[in-house]
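The report below goes through selected features of strand arrangement, backbone geometry and domain layout. Please read it alongside the sequence and the structure shown here.

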Amino acid sequence: MIHVKNLSLSIHGTPILDQVSLTIAEGQIFGLVGESGSGKSMTALALMQLLPTGAVATGHARLDGTDLLALPEAGMRALRGASLAMIFQEPMTALNPVQPIGVQVAETLLIHGAADRGKARKIARDCLHRVGLGHIGTEVYPHALSGGQRQRVCIAAAIALRPRLLIADEPTTALDVTTQAQILDLLKALVTEQNMALLLITHDLAVVTDTASRIAVMHQGRIVEQGKTTDILRRHRHPYTRTLCKASAHRPERQNHAAPEPLLQLSKVVRLYPGRRQGFFRRGTPLRAVDGVSFDLHYGESLGLVGESGCGKSTLARAILGLEPIQGGRITAFGKPVSPQLPNALRARIQVVFQDPYGSFNPRWRVEHLVAEPLHLMANPPVGRARRDHVAEALKAVHLTPKDMDKYPHEFSGGQRQRIAIARALMTHPDIIVLDEAVSALDVSVRARILDLLATLQTRMKLGYLFISHDLTVVRAITDRVLVMQAGRIVEHGATRAVFSSPRHACTRTLLQAAPGLRAM
Amino acid sequence: MPPFGRSSRKDTPFPAFRTRETGFNLGAMLRYALHRLFSLTLSLMGASVVIFLVIEVIPGDSATFMLGLNATPETVAALREDLGLGGSLWERYWAWASGMVRGDFGTSYTYRVPVSDLVLDRLWVSLPLALYALSLSALIAFPVGLVAAAGRGTAADYGIMGATQLGIAVPNFWFAMLLVLIFAVNLQWFSAGGFPGWEHPGAAMKALTLPAIALALPQASILARVMRSAVLETLDQDYIRTARARGLSHRQAVLRHALRNALIPVLTIIGLQFSFLLAGAIIIENVFFLPGLGRLIFQGITQRDLVVVESVTMLLVFAVILVTFLVDLAYAAVDPRIRQT
C-alpha cells in the first residue's frame, strides 16, 4: 500500500537519508528501529512532506499509487490528517494548551470538510471514546491530563478520518512502562480494526519485537536490514543489528560487593505536599508523596528503585539528597541525619546524576567549571593548577580526555554529556550516588557503555548506588536488590533476581508484564 | 470497548478533580477573580500608605508655601488648621484615605476647588486619549506583528522590523510636531492644538486624533515586536507541528493555534502601556495644549499643590491596579491553566 523507493534526503547539502526503500501493507505494523540521528524521524517527515527548510528529497514514496514527493503542497494538505496521519513523541506539548481536547480532535474533520460542526463534535466524542477517554468528556483542557491520556487524544485526532497509514514517531518513549503497554495495545487494536498500516518508529528494539510484524533497522541514514521481526531478531545477519541487540540486552560484569555496614538508612520516611488551595485559607488534605518508606543502602551496593511515573521515586530522591524536608521518619547517612541543613562536608559524600544532562548543565560554562562545581562543598577546595588536575582525573575516570575541559556542553553527544555528569558527581569522592533515570535518555549502545562504566567505578570506589528507573531491563542488569514503589509506599523488595523471577505483589507483576520484550530477549 | 475503558481510567492523575476542570467553569473563574481582587486591594492599601508618607516627609508644608515668607506663625497655624493639616499622622491618613473612598479628594490649595472636579475634567480628556491611542496601537501592531512572524526572514519581516525600530527611536514630541506641521499647518486637516470639549463629539475626537497618533507610534512599534516574537515562539511549539500533520496549512496553524497562545505576553504589554498612556502623555499634552491629567499633576508639583499631587497619584495607582486586574482576567479567559490557580 505504501511503497518507498530510493528515498534520499539532504538538508542544506548534508546527506541525511541514503536510498531508503520500504513497503508497508494494509493492516501491517512496520517497525523502524535505529539510534538517535539515524534518520528515522526524517523518513517519517519526508512521507508527511513536513521537512525542515533546506531539505531536498529525491526518490519515490507512493501511497496507493500517488507519489507523495511529487505532490504540490495543496495536494499534500488534502492527504495529511486524512489518508496519512502522524503522532509524535512528546504528548505533553503536542496539544494546544488553550483548546479543549474535543475541539482539537474535531479540527481534523473540519479542516478536511468531512463534517459540519455538530457532526464533527459527535465524531470527535466517538473517537475519544474509542481511545479510552470516553469518561472524561470533550471539554477538558490538555493540562488536566496525564502523558498517556494526552497521547490518546493525539491518537484520537489522528484516526478521526480513518487514515490509510498512521506514522507513530517514538509514541511511547516519554511514557512509563505500564502506560507504554496500554498505548501499544491501543495502536495494535486500531490497526486491526481499521485495517490501516502503522509505521512505528522507535529506538527501543523491545517495543517493536512485541508489536511489529516487520522491522527495518536504520543506521546512518540507511536501512541496513529489513524483514520479518522474528527473522531479524533470530538471525541478525547484519553486524549492526547484532550490536544493537546485544547492547539492548547488555549486562555489565559485576559482583555483589555489598559491605555489611549501612551507608544510608531510611526509616518510615514521609513526604507530604500541601493540598490544593480551597479558598483563601483552607487547603485540601495533603498528598502523601512518600508514605512510610524504610530501607538500607550498603557500601558498594546497587539498589534499584522502580515504579510507575508519579509513584514518588523522584520525590524520595530529593529527600535523600537533603534538598527537601521530610515530614516524618528519619533519613541517616553515615550515621548523621539528612535534612536541607545538611553540612557541606556530608553533602559532598552524596551526589546525583539526573536523566537529562543537558538540562542540568549551565550551557555557558566550560566543562572544567561544570565538573569543578561540587568542590565548593569541600573545606579546602583545590584551586588553580590543582583544580585542573583534579578535573582531569575525574574526566579520565569516565573515559574522557583532559582536553575536553575547555569545551562547552553543546560540543558533546548525549552519552558524553552523561559521562561529564558522572565526572561531576565523582569530584568530591562521594560514597553514595543517586542515579535518577540516569541512562533513560540514552541510545542502547551508549547506555551499555555507561552501565559498564558505572560498574567499574563501583568496584573501584566502593560506591553505593541508588538506581532509580522505570526501565526494568536496566534495573535488572545493574542492581543487587530492588525496591518496587507504588503510590508512595514500597510494596515489594528483595534480591533483584528473585523479584524479577517470582514477583509477589500485583504492582510488580503489572510492571514486569508491561515491560516490552523483557521475556523475549 | 471494554479493554480500553478499563485501562485508561488508571492513568487519570487526579480522578477527584476531573469534573471540576471540565471546560470553561464559571465558578473557577469567579474564584480566581476574587482571589486576584483580594491581593490587588492589599496592594492598593499599601500604595496609599507609601504615597501619604512620602508627601508627609517632603519638607515645607502647603500652608507656609501659600502664605509666603512674611507670614506670622499664627496665620500659618490657622491656615494649617483650615487645610486639615492638624492632628496626628494617623488621623490625617485616615481622613485622607476615607475621603478618597467616598470620592472626596480634598480641595486644591491653588485652584480653591474640589480636587475631584479638577480630576474629573482632566480625566475626560486623558482617558479617551489613552484608549484612542491604545486602540490605534493594537490595531496597527496585531496585523503587523503577525505578518512579520508568519513571514520570518522575508523582505516584509525585515521591512517591518526596521520600521518598528525607527518608531521606537523617534522621540514622540518630535513626531508630534511633525504631525502638526504636515496635517495642521500645511494640509490644514486638523487644528494644531486645544480641546473643544465633549459637547461636540466629532470635533473632540478630531482634536484627539493627532495626539493619539503621536502617542500610538512608539507603543505600536513595541507591541508589534512583542507580538512577532510571541508568535514566533509559539510557532516552534510541538502543537503547531501536530496541527500541520492534521492537514492545516501554515497560515491556518498560525491563526488557529499560535495566535491565542501568543496573546499572553502581548496582553501584559498592553496593560503596561495603558497605565503609561494615562499619565505619561504629559509631553504630548503640552505639544497639543490638551488639559489632561499629566499636565494637572505637573502643575500641582510646580505649585506645591500637594493635595492635587497626592490625589492624582493615588488615582493613577488605582487605575494601574484596575488595569492589572482586567489583564489578569483576560489571561484567565485566554489560558485555562491560569483559571485553576
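## The six-stranded sheet of chain A

In this predicted model, six strands of chain A form an open sheet with mixed pairing, in the order β6-β7-β8-β3-β9-β10. The edge positions are taken by β6 (84–87) and β10 (222–228) of chain A, each of which pairs on one side only. On average, and with direction ignored, neighbouring strands of this sheet are turned by 15° against each other.

Strand β9 of chain A, which covers residues 214–219, runs antiparallel to β10(A) and is joined to it by six bridges; within this pairing, Ile215(A) has Gly227(A) of β10(A) as its bridge partner. Helix α5 of chain A (residues 147–159) lies across β6 and β7 (165–169) of chain A, and runs at about 175° to β6(A).

## Positive phi values in two loops

The loop between β9 and β10 of chain A contains Gln220(A), which is not a glycine and yet has a positive phi of about 50°. Gln220(A) is exposed, because its relative accessible area of 64% lies over the 50% cut-off.

Phe334(A), likewise a residue other than glycine, has a positive phi near 55° and is placed in the loop between β14 (328–333) and β15 (336–337) of chain A. Phe334(A) counts as buried, because its relative accessible area is 16%, and buried means under 20%.

## Domains of chain B

Chain B is divided into domain 1, spanning 27–101, and domain 2, spanning 122–302. The centres of domain 1 and domain 2 of chain B, taken over C-alpha atoms, are separated by 35 Å.

Technical notes: Residues are numbered from 1 along each chain as its sequence is written. Chains are lettered from A and ligands numbered from 1 in the order in which they are written. This is a predicted model: local features need pLDDT of at least 70, side-chain atom pairs count only at pLDDT 80 or more; totals for chains, interfaces and linings use all residues. Side-chain values use heavy atoms; hydrogens and water are left out. Two strands pair if DSSP finds at least two bridges between them. Helices (H or I, at least four residues) and strands (E, at least two) are DSSP runs, numbered from the N terminus. Axes are lines fitted to C-alpha atoms, for helices over the stretch in contact, and angles run from 0 to 180 degrees between N-to-C directions. Contact means heavy atoms within 4.5 Å. Domain bounds come from an automatic or database domain assignment. Buried means under 20% relative accessible area, exposed over 50%, partly exposed in between (1.4 Å probe, protein chains only).
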